[in-house]
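Trainee: I would like to learn how to read a few features of a protein model. Please give me the general idea each time, and then the case at hand.

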Amino acid sequence: MKHIMTINQANLVQSAKKGGCGNCQASCQSACKTSCTVANQKCEKENQ
Amino acid sequence: MIHKYFMNGLFIVLDVNSGGVHLVDELTYRLLDEVAPPFEENCPEKAVNALQGEFSAEEIADCYAELKELYAQKILFAEDEYEKYAKFAEPAPIKAMCLHISHDCNMRCQYCFASTGDFGTGRKLMPVETGKKAIDFLIERSKDRKFLELDFFGGEPLMNFDAVKEIVFYAREREKECNKKFRFTITTNGILLNDEIINFINQEMSNVVLSIDGRKEVNDRMRPVVNQKGSYEIILPKFKKLVAQRDKDRDYYVRGTFTKYNLDFSEDVFSLYEAGFDQISVEPVVCESKYPYALTEEDIPAVSAEYERLANRILENDRAGKHFNFFHFMIDLNAGPCAIKRLKGCGCGNEYVAITPDGDIYPCHQFVGIEKFKMGNLEEGTFNEALKQEFSQSHIYNKPECKTCWAKFYCSGGCNANNYQYEGNILQSHKLSCELEKKRLECAIMIQAVRKLEHLSEEEIPASFRKC
């Protein structure tokens, strides 16, 4: 493409199909305690 | 839904529902103001007319064709397919706990949301037996979840360090019996750190959060010890020692709070970096607007500009071969949590609870002391399942502001406690928090985009980008 460069895999749909195991960290337990960001959490599915 | 913005010379387009991030040229950026699905065969005449003074008809047609192709690939204007997964939240086991091991503190931080340690409920320490009951409760309630998280919190948890140790040892015994794995964290102000405690934390805690605000004068203004003297000179050497002795693959954060008094908080981030730390979190104060240090909506432009400045300073630092991690700019655009996780945020009151020294159960640390949110008590063996059910419904599809927000799969509905405290309802988004979160996300995505571009050769970057 000449006008657009996609810089990631855009895989949210696929992540839902095999996701939902619930083993990932509660986002508030990492560093924040006052402000929520979930997108910086890691998927733990492979560590089960 | 898409979100597009211009930052640091880049035209960035986020496709909200697929998670796709696209860098585009100016023509594409402007064409997206004119077109949307359903796409016709050729670019609509109205769109061509709007742009053809500055771009050729051929360029516009090319660009339109590229947009159509991305749409066909479902990475532009993708549909939201996730609401059906929101029901997964309902029967969730409890897997995370904030254990208020101490409702007392040896500091008197001005902005403390815990009323200088006791959450307005009287200064007290948690008995070991209550802590053990909390471990039993978490194991029992976690059902098939293997990883259990427990954060020792306060007040200042090191004021009850012997109990911390006993509870950790008890949990280590029980995790073997039950095929669980505890991940302990502790959040400390550092005053009581000594060699024994540092060793214990570095051995047992998968993450440690070290509270310090940045520059000495900034820290000491808001974080005095009980006699009102500043804490910086006491805690800095202890934090350095703890981090120096910690395994490099184990997490830690130095964590600060910024307020209206230090809207130039990127200086505090870099002060922490220059003091030797490379895992840094500096976050906006959470407090009522009546306080002079409170952040209010009028501060949004200044804080937003400072986040952007921080992002650029981090990129400059990268280019100099120096690196550190800023917690709120961490984002993994290729992996990260699954879409189902992204629907419901921290899971407080459903997957995550806080326990007070008296054994009272609350949805999270920020709800402690608000009687209507007391969920039960460990000593009495009570637990309000109806309230858990209510919190399980706190997902983005039940939050009116989130439904139409581009950031919903990144912040996942924000902080329920902030929503309640400032808007009166856990489902009503807190505007100030939302605006700052959105700015952080824009910066975080921009940083990833710049890093990506800087790893490409000139030939790999479309010619139309280079003029930006």
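Mentor: Two packed helices are described by the angle between their axes and the distance between the axes. In this predicted model, helix α5 (residues 161-178) of chain B packs against helix α6 (residues 195-204) of chain B at an angle of about 30 degrees, and their axes are 12 Å apart. Axes are lines fitted to C-alpha atoms, for helices over the stretch in contact, and angles run from 0 to 180 degrees between N-to-C directions. Helices (H or I, at least four residues) and strands (E, at least two) are DSSP runs, numbered from the N terminus.

Trainee: How is the angle between α5(B) and α6(B) put into words?

Mentor: Angles under 35 degrees count as roughly parallel, over 145 as roughly antiparallel, 65 to 115 as roughly perpendicular and the rest as oblique. α5(B) is therefore roughly parallel to α6(B). Their crossing is left-handed, a word used if the near helix is turned anticlockwise from the far one by less than a right angle, with right-handed used if clockwise.

Trainee: Which residues make the contact of α5(B) and α6(B)?

Mentor: Contact means heavy atoms within 4.5 Å. From α5(B) come F161(B), V164(B), K165(B), V168(B), F169(B) and R172(B), and from α6(B) come E196(B), I197(B), F200(B) and E204(B). By class, the contact of α5(B) with α6(B) has six nonpolar, no polar and four charged residues. Here Ala, Val, Leu, Ile, Met, Phe, Trp, Tyr, Cys and Pro count as nonpolar, Asp, Glu, Lys and Arg as charged, and the others, Gly among them, as polar.

Trainee: What are the angle and axis distance for α10(B) and α15(B)?

Mentor: Helix α10 (residues 300-319) of chain B and helix α15 (residues 431-454) of chain B pack at about 20 degrees, with axes 10 Å apart. α10(B) and α15(B) are therefore roughly parallel to each other. The crossing of α10(B) and α15(B) is right-handed. The contact of these two helices divides into 12 nonpolar, two polar and eight charged residues.

Trainee: Now salt bridges. How many are there over all chains?

Mentor: Side chains of opposite charge can pair when their charged atoms come close. The rule asks for a side-chain nitrogen of Lys or Arg within 4 Å of a carboxyl oxygen of Asp or Glu. The count comes to 38 salt bridges over all chains. One of the pairs is K4(B) with D33(B), whose closest N and O atoms are 2.8 Å apart. K4(B) lies in strand β1 (residues 2-7) of chain B and D33(B) in the loop between α1 (26-31) and α2 (45-51) of chain B, so the pair ties together parts that are 29 residues apart in sequence.

Trainee: Is D33(B) buried or exposed?

Mentor: Buried means under 20% relative accessible area, exposed over 50%, partly exposed in between (1.4 Å probe, protein chains only). D33(B) has 52% and is exposed.

Trainee: Which residue does K133(B) pair with?

Mentor: K133(B) forms a salt bridge with E379(B), with 2.7 Å between the closest N and O atoms. K133(B) belongs to helix α4 (residues 128-141) of chain B and E379(B) to the loop between β15 (376-377) and β16 (382-383) of chain B, so this pair ties together parts 246 residues apart in sequence. K133(B) is partly exposed at 35%, and E379(B) is partly exposed at 41%. There is also a network of salt bridges that links R172(B), E175(B), K181(B) and E204(B).

Trainee: Where are cis peptide bonds found, and what are their omega values?

Mentor: One joins P37(B) and P38(B), with omega about -5 degrees. P38(B) lies in the loop between α1 and α2 of chain B. Another joins G154(B) and G155(B), with omega about 15 degrees. G155(B) is in the loop between β7 (147-153) and α5 of chain B.

Trainee: Which residue of chain A has a positive phi although it is not a glycine?

Mentor: That is A10(A), with phi about 50 degrees. A10(A) sits in the loop between β1 (4-6) and α1 (12-17) of chain A and is buried, with a relative accessible area of 9%. In chain B, K143(B) has a positive phi near 50 degrees, but K143(B) is exposed at 58%.

Trainee: What conventions lie behind these values?

Mentor: Residues are numbered from 1 along each chain as its sequence is written, while chains are lettered from A and ligands numbered from 1 in the order in which they are written. Local features of this predicted model need pLDDT of at least 70, side-chain atom pairs count only at pLDDT 80 or more, and totals for chains, interfaces and linings use all residues; side-chain values use heavy atoms, with hydrogens and water left out.
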